[in-house]
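Reader: I would like to understand the words used for this structure and what stands behind each one. Could you take me through them?

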Amino acid sequence: MDAPEPIQVTVTFLEMATPPAHYPALPHGRQIALLRTHDIPLHFYRYLLDRVGRKWHWVNALRLSDEELVAGLHREDRDIRVLYLDGAPAGFFDVKPHLPQEADLAYFGMMEHATGQGLGRWFLGAAIEACWSHGPKRVTVQTCTLDHPAALPLYQKLGFQPVAQKKEVVQPMTFTERSQSVMR
């Protein structure tokens, strides 16, 4: 099978310098759980990356070896939380608070079955609150033109400010490459 064509993207870097005055309320009438993981199994993390990010071409972490991935995932200060909706995984976020005076919201997203149900604003608020719980001077996140069209406006509505942009090229994974990464 031929390799997919590279995709040109614009990456937008955003920052938040102060915590929000309030966070969005938990949606009512839904069976929702948000659980922090400890020593997340690699296969589950790869599953989450694939299921949440497949449509948006989240490929960088999936291309890492097990050794490279586990070195970052199992740090004491890593904060990975999984969203469950009606008892099933529905999304996750991954906070890297180990940068000097910064908490980076490295990954944030929901699976397709959870989108469009009024959960996104609350879920992003929970991610921002988790970032600030680590005591940084600023919170960072990045998004690109491949991400959901509502991503950038939602980040901005909840207090992030764009600080830079750059052009990058994303090389999508082939089906075989993706299968080998997720099915380890």
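**Terms and the values behind them**

Author: Gladly, and let us begin with Asp66, which touches Leu42, Arg46 and Arg184 when residues up to four places away in sequence are left out. This is a predicted model, in which local features need pLDDT of at least 70 and side-chain atom pairs count only at pLDDT 80 or more, while totals for chains, interfaces and linings use all residues. Residues are numbered from 1 along each chain as its sequence is written, and side-chain values use heavy atoms, with hydrogens and water left out.

Reader: What makes a pair of residues count as touching?

Author: A contact means heavy atoms within 4.5 Å. By that rule Met110 touches Val52, Leu83, Ala90, Gly91, Thr115, Leu119, Gly120 and Phe123, again not counting residues up to four places away in sequence. Across the chain, among contacts between residues at least 6 apart in sequence, 75% join residues at least 24 apart.

Reader: Why is Met110 called buried?

Author: Buried means under 20% relative accessible area, exposed means over 50%, and partly exposed lies in between (1.4 Å probe, protein chains only). Met110 has 16% relative accessibility, so Met110 counts as buried. Of the 184 residues of the chain, 45% count as buried.

Reader: And why is Asp66 called partly exposed?

Author: The relative accessibility of Asp66 is 27%, so Asp66 counts as partly exposed.

Reader: How do you know which elements Asp66 and Met110 belong to?

Author: Helices (H or I, at least four residues) and strands (E, at least two) are DSSP runs, numbered from the N terminus. Asp66 has its place in helix 2, residues 66–73, and Met110 is found in strand 5, residues 102–110. The chain has five helices and seven strands, in the order β-β-α-α-β-β-β-α-β-α-β-α from the N terminus on.

Reader: What makes the chain as compact as a globular protein of its length?

Author: Its radius of gyration is 16 Å, close to the 16 Å that the globule rule gives for 184 residues, so the chain is as compact as a globular protein of that length. The radius is taken over C-alpha atoms, and the rule is 2.2 Å times the number of residues to the power 0.38. Along its principal axes, the C-alpha trace spans about 50 × 40 × 35 Å.

Reader: Is Cys131 buried or exposed?

Author: Cys131 has a relative accessible area of 0%, so Cys131 is buried.
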